[in-house]
Amino acid sequence: MAIGIGLIIAAYMIIQIERKRAESTNNVTIGSGTGKDNRIIINKMWRQKDTIGAVMVILIILLLVSMFIFKSDMPYQLLKLVTLLGMAGFSFLYIVQDDGKENEEDDLTPESLKVQRFLRLIDYREHPFSLALILFILVVLTFILSKHFGLELYFEMSGNPRYVMSLPSGMRLIAALIFACGFLYMIQHCDFLGIRHAKQGEYKLMQIHFLEIILLGAVFLIWLVILIEALFEKY
């Protein structure tokens with residue numbers, strides 16, 4: 001939750017700083033810097049993602065095996081951190097790499113005004129808030145409040161999960177969506193780490209929405225069942 005909220009604050013501050021800089025120079029385009037664009041490097045890395053990924057996996061396995069020799073419980077804790085960082089890195093590379101012809105899309109705006117309003121609410125190119133972050137915060141707050149009200153929530157912190165996945169593992173997957181939504185918003189509006197801002201196409205956004213249907217739907221149902229079970233046991 002702290003990472004997600006921090007990412008939102010960082011995105012907002014970066015864009016506001018860029019806007020003030022543009023206004024001070026009478027430049028209406030945010031982030032229209034000159035010079036080298038690091039997207040060229042990102043594009044090369046994305047084209048070689050399979051090779052880079054294989055090398056990273058081998059290095060991580062060697063590191064975990066070496067750590068297991070000295071302390072058996074440390075590799076498991078490190079693996080969770082490495083997994084989160086890996087998902088964040090993959091999200092970053094995918095969002096900032098060049099879309100190519102994906103931006104040359106037909107107008108997909110629906111005719112219904114209600115549907116248009118709903119799509120604007122979940123268009124992460126327009127704001128840094130996402131359904132993934134909202135659900136993440138909701139689950140964390142539920143855990144905190146359960147301590148206060150004396151509810152026993154079965155989060156399956158160890159052992160085999162009763163469902164397709166445990167709630168903690170689902171939350172780690174949702175974290176990758178939070179990173180992707182934050183990067184999508186930032187690169188849409190301003191330069192970021194030497195990468196020129198660029199209009200993000202509907203294709204990336206639709207892929208995020210597709211993952212939301214699967215991950216958020218599963219995590220929400222698991223969270224709902226856990227909460228209902230805890231309430232029935234207490235009352």
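## Close-up views of a predicted helical model

**View 1. The lining of the second largest pocket, sorted by class.** By class, 13 nonpolar, 4 polar and 1 charged residues line the second largest pocket. The model shown here is predicted. In total, 18 residues make up this lining. The space in the second largest pocket comes to about 520 Å³.

**View 2. The centre of the second largest pocket.** Five lining residues lie nearest the centre of this pocket: M56, L85, G86, G89 and F90. Rolling a probe the size of a water molecule over the atoms shows where empty space is left.

**View 3. The helices around the second largest pocket.** Three helices each give at least two residues to the lining: α2 (39-47), α3 (49-70) and α4 (74-96). Helix α4 supplies the largest share, with 10 residues.

**View 4. Helix α6 against helix α7.** Helix α6 covers residues 131-149, and helix α7 covers residues 167-189. The two pack at an angle of about 145°. Their axes are 9 Å apart. Where α6 passes α7, the crossing is left-handed.

**View 5. Side by side: the residues that meet between α6 and α7.** From α6 come A132, L133, L135, F136, V139 and V140. From α7 come L167, M171, I174, L177 and I178. By class, this contact has 11 nonpolar residues, no polar ones and no charged ones.

**View 6. The whole protein.** The secondary structure holds 8 helices and 0 strands. Along the sequence, the pattern reads α-α-α-α-α-α-α-α. Of the 235 residues, 38% count as buried. Take the contacts between residues at least 6 apart in sequence: 78% of them join residues at least 24 apart.

Note on methods: Residues are numbered from 1 along each chain as its sequence is written. This is a predicted model: local features need pLDDT of at least 70, side-chain atom pairs count only at pLDDT 80 or more; totals for chains, interfaces and linings use all residues. Side-chain values use heavy atoms; hydrogens and water are left out. On a 1 Å grid over the protein atoms alone, a cavity is a set of points where a 1.4 Å probe fits but cannot get out, and a pocket is an open set with protein on both sides within 12 Å along at least five of seven lines; lining residues have an atom within 4 Å of a point. Grid points are joined across faces, edges and corners, and a volume is the space filled by probe spheres set on the points. Helices (H or I, at least four residues) and strands (E, at least two) are DSSP runs, numbered from the N terminus. Ala, Val, Leu, Ile, Met, Phe, Trp, Tyr, Cys and Pro count as nonpolar, Asp, Glu, Lys and Arg as charged, and the others, Gly among them, as polar. Axes are lines fitted to C-alpha atoms, for helices over the stretch in contact, and angles run from 0 to 180 degrees between N-to-C directions. A crossing is left-handed if the near helix is turned anticlockwise from the far one by less than a right angle, and right-handed if clockwise. Contact means heavy atoms within 4.5 Å. Buried means under 20% relative accessible area, exposed over 50%, partly exposed in between (1.4 Å probe, protein chains only).
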